[in-house]
Amino acid sequence: MDNALRELYQEVILDHSRHPRHYGALEGASHKAEGYNPLCGDKVTVYLKLGEDGRVADIRFEGNGCAISQASASMMTDMLNGRTQADAEKLMEGFLHLVKGEDAAGLSEDDRETLDVMGGISEFPMRVKCATLAWHTYKNALEEGAT
Amino acid sequence: MNAMGQIPSTSPAAGACGFDVRAARADFEILWRKVYGKPLVYLDSGASAQKPRVVLDTMQNFAVSEYANVHRGVHFLSAAATDHYEAARRTVQKFLNAAHEDEIVFTKGGTEAINLVSYSYMAPKIQPGDEIVLTVMEHHSNIVPWHFLRERQGAVLKWVDVRDDGSLDIEALDAAITPKTKLVAVTHMSNVLGTVTPLKEIIARAHAKGVPVLADGCQGAVHEIVDVQALDIDFYAITGHKLYGPTGIGALYAKRAHLKGMRPFNGGGEMIREVARDAITYADPPARFEAGTPPIIESVGLAAALDYMMGLDRVAVAAHEHDLLAYAREQVRAFNWLKVIGDAPGKGAILSFEAEGMHAHDIATILDREGVAVRAGHHCVQPLMERFCTASTTRASFALYNTRVDVDALIAGLAKARGILGNG
């Protein structure tokens, strides 16, 4: 198989897409947003519950789409849980740089290690939007999706 | 074409059925290139077809030696360009077998042709509650212009379903036509299912109730021989870039009697007879609907593309495309994880499918790396996707220049995609 494809469809990614974590609606969500890519029909809904300290107390998603969009949403919910908003913002920024093949120096070492599996997407510019859909939806939920 | 339902058993060897695919491939240089080091296998002609060298040369030669604006200058080049532009109109007339050249209106594509009918013909006739009959397999370009009339004027859209195999139930369509129906707008060939609709029968049924018919021929005109007089159709829309011609040009065929009574579409130069400060009169059709400088170079390219097509044995080309479809259909039977969407008898050369546990975009990405270009997504037919309970499908569409080798590459790529994405 060609290396770029092997990088893109790593076992970790396929596992996340087949067995997404934190999947389903979240009762009592404080924020919610729907993300939609009209070009390909990928859909994702992100549910968010902010704690009193402003941290992400719980986050879930629902949706359907390609392996990349679903894996990315699953990983995102894994990683954002428990973070402060500022930390989440930093993570998102780093992630967006990473999938576009740009300098992601802002990421902590741990985060970079976790997100390493998403690095292969930068070789597939047409698929970057699949990877970023859930993250943009998270941001929308936070900024405009108070329930 | 009655033979459409029969799958020819001939091999695709050169000349075996009156069409030499190897010679045709030589006309399309882009097919010789590689992508990611693999030979290009272009199975996305349903989205846009590649152009033969003669189309590109004709456009270039015209631009180099005879180009000017049309219908206005008195100078030599303007007259030459006008001759070419009007000759292109006659080529479209011939391609569709229209009775009169003034029944051909140049547009920027199929979408604009349908919008023109919606705005100039239909809108002034619509009262709240009037109905427009559509099928669920229409492309958005044959849905949205009618939604405009629903939103703005209270028209009612009546949707005719397709059967599970993708075929159209003519009785269901007939039943949907009521005394309130103002138009039947139907595709000639579905861009996803490949279904070829029984236009002649549809038109006969609609006309029996006094209802005109518009056909979206963007796919149909590529694969079927269209005779608008034999069909007795009211409106037929085509687009250049799917007909092996350039982008930016299409055409609307409309019966003279309809065009005569239609209000102008865009306003501007070319479409007027006289403009005063507080009065205006409009040009006769087709100029009335061709405001502004038209796609002149593109018209010449479109004519070259249609001449190219008419220079081939089109029945043999259709047989060749059907052979590819039948071959591909047979090959994918071995994949029990793959479900074909659309198996209507006599369907055109389009193969759409879903794969269990594998999303269309992931399949398309893996195929792409094998050099195989397919379309993945909702194909601008969301009501149809809803009908078949899917968000997206993968589509391989075959053109005159494809071969069984292309199908083999598709099949090998699909097996590979299965290997990578598996069923976990």
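How many residues of chain A are in contact with chain B, and how many of chain B with chain A? In this predicted model, 17 residues of chain A meet 13 residues of chain B. Two helices of chain A, α1 (3-8) and α2 (11-18), each supply at least two residues of the side that touches chain B. By class, that side of chain A has 11 nonpolar residues. A further 3 are polar and 3 are charged.

Chain A also contains an open sheet of 3 strands. The strand order is β1-β2-β3, and the pairing is antiparallel. The edge strands of chain A are β1 (31-37) and β3 (56-64). Each of these pairs on one side only. From one strand to the next, the twist averages 15 degrees. In general, strands of a sheet pair through backbone hydrogen bonds, and the sense can be parallel or antiparallel. In chain A, β1 and β2 (residues 42-50) pair in the antiparallel sense over 7 bridges. One bridge joins Y36(A) to its partner K43(A) in β2(A). A helix packs on this sheet as well: α6 (residues 128-144) of chain A touches β1, β2 and β3 of chain A. The direction of α6 makes about 145 degrees with that of β1(A).

Chain B comes to 15 helices and 17 strands. Its C-alpha atoms fill a box of roughly 70 × 55 × 35 Å along the principal axes. Is the chain compact or extended, judged by its radius of gyration? A compact globule with 424 residues would have a radius of gyration near 22 Å. Chain B has 22 Å, so the value agrees with that of a compact globule. Buried residues make up 50% of the 424 residues in chain B. Contacts were also sorted by separation in sequence. Among contacts in chain B between residues at least 6 apart, 72% join residues at least 24 apart.

One helix pair in chain B shows how such packing is described. Two packed helices are described by the angle between their axes and the distance between the axes. Helix α4 (residues 110-122) and helix α5 (residues 144-153) of chain B pack at an angle of about 30 degrees. Their axes lie 8 Å apart. Angles under 35 degrees count as roughly parallel, so α4(B) and α5(B) are roughly parallel to each other. On the α4(B) side, I114(B), N115(B), S118(B) and M122(B) take part in the contact. They meet P145(B), W146(B), F148(B) and L149(B) in α5(B). By class, this contact of α4(B) with α5(B) has 6 nonpolar and 2 polar residues, and no charged ones.

Terms used
Residues are numbered from 1 along each chain as its sequence is written. Chains are lettered from A and ligands numbered from 1 in the order in which they are written. This is a predicted model: local features need pLDDT of at least 70, side-chain atom pairs count only at pLDDT 80 or more; totals for chains, interfaces and linings use all residues. Two strands pair if DSSP finds at least two bridges between them. Helices (H or I, at least four residues) and strands (E, at least two) are DSSP runs, numbered from the N terminus. Axes are lines fitted to C-alpha atoms, for helices over the stretch in contact, and angles run from 0 to 180 degrees between N-to-C directions. Two residues are in contact if their C-beta atoms, placed from the backbone, lie within 7 Å. Ala, Val, Leu, Ile, Met, Phe, Trp, Tyr, Cys and Pro count as nonpolar, Asp, Glu, Lys and Arg as charged, and the others, Gly among them, as polar. The radius of gyration is taken over C-alpha atoms; the globule rule is 2.2 Å times the number of residues to the power 0.38. A residue is buried if 20 or more other C-beta atoms lie within 10 Å of its own, exposed if 12 or fewer, and partly exposed in between; C-beta atoms are placed from the backbone. Angles under 35 degrees count as roughly parallel, over 145 as roughly antiparallel, 65 to 115 as roughly perpendicular and the rest as oblique.
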